[in-house]
Amino acid sequence: KEEFRMQNKPISRSMAVAQSSVEVEKAVNDIVGVINKRLVNYVEGSVVSVDMKRFESSLSSEVWTKVEKRVIALFKSQGWKISYNSGSQYDECSQFDLS
C-alpha cells in the first residue's frame, strides 16, 4: 500500500505577499518602459501624469494590485515624488503624478 505524500505545501502568507509572479514582473516591466519614455524629456518643475488603468487589460485584480504597488515603489526608490491628482480619488494607485 503506497502512502500518499503531499507534494504541494501551502505557501506562507509572507511569501505570498513578497513573491511576484512572472505575470506581475512582465506587466511591471512593460509599464515602467512606457512611463520612462514619457519621463525621458522631463523638465524640472513639471509634472507627468500617469494613468495605469490603460495597461490593466486582462490581469486579475490580485496581479493588478501587486503591479500598481510595485511600479509606485520602483519610481519612489529612484527619487521621484509621487502625488495623487484629482482623478485618483477613487483609485490612487492607478492615477498619480510624478515630479
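Predicted model: local features only at pLDDT ≥ 70, side-chain atom pairs only at ≥ 80, totals over all residues.

Reader: How many salt bridges turn up in the whole structure?
Author: The search finds two, where a salt bridge is a side-chain nitrogen of Lys or Arg within 4 Å of a carboxyl oxygen of Asp or Glu. In one of them, E25 meets R70 at 3.3 Å, N to O.

Reader: Which helices do E25 and R70 lie in?
Author: E25 belongs to helix α2 (residues 22-39) and R70 to helix α3 (residues 61-77), so this pair ties together parts that are 45 residues apart in sequence. Helices here are DSSP runs of H or I with at least four residues, strands are runs of E with at least two, and both are numbered from the N terminus.

Reader: And what about K26, which residue does it form a salt bridge with?
Author: K26 pairs with D30, their closest N and O atoms being 2.8 Å apart. The two are four residues apart in helix α2, which separates them by about one helical turn. K26 is exposed at 54% relative accessible area, whereas D30, at 38%, is partly exposed; buried means under 20%, exposed over 50% and partly exposed in between, with a 1.4 Å probe and protein chains only.

Reader: Switching to α3, which of its residues are buried?
Author: They are V63, W64, V67, E68, V71, I72 and F75. These cover an arc of only 160° around the axis, which puts them on the same side of α3; the arc is taken from the directions from the helix axis to the C-beta atoms. On the other side of α3, E62 and S77 are exposed.

Reader: What do the buried residues of α3 pack against?
Author: They pack against α2, β2 (82-83) and β3 (95-98), contact meaning heavy atoms within 4.5 Å.

Reader: Last one: where is S46 found?
Author: S46 sits in the loop between α2 and β1 (48-51). Leaving aside neighbours within four places in sequence, S46 is in contact with L98 and S99. The C-alpha atoms of S46 and S99 are separated by 6.4 Å, although the two residues are 53 residues apart along the chain.

Key: Residues numbered from 1 in each chain as written. Heavy atoms only, no water.
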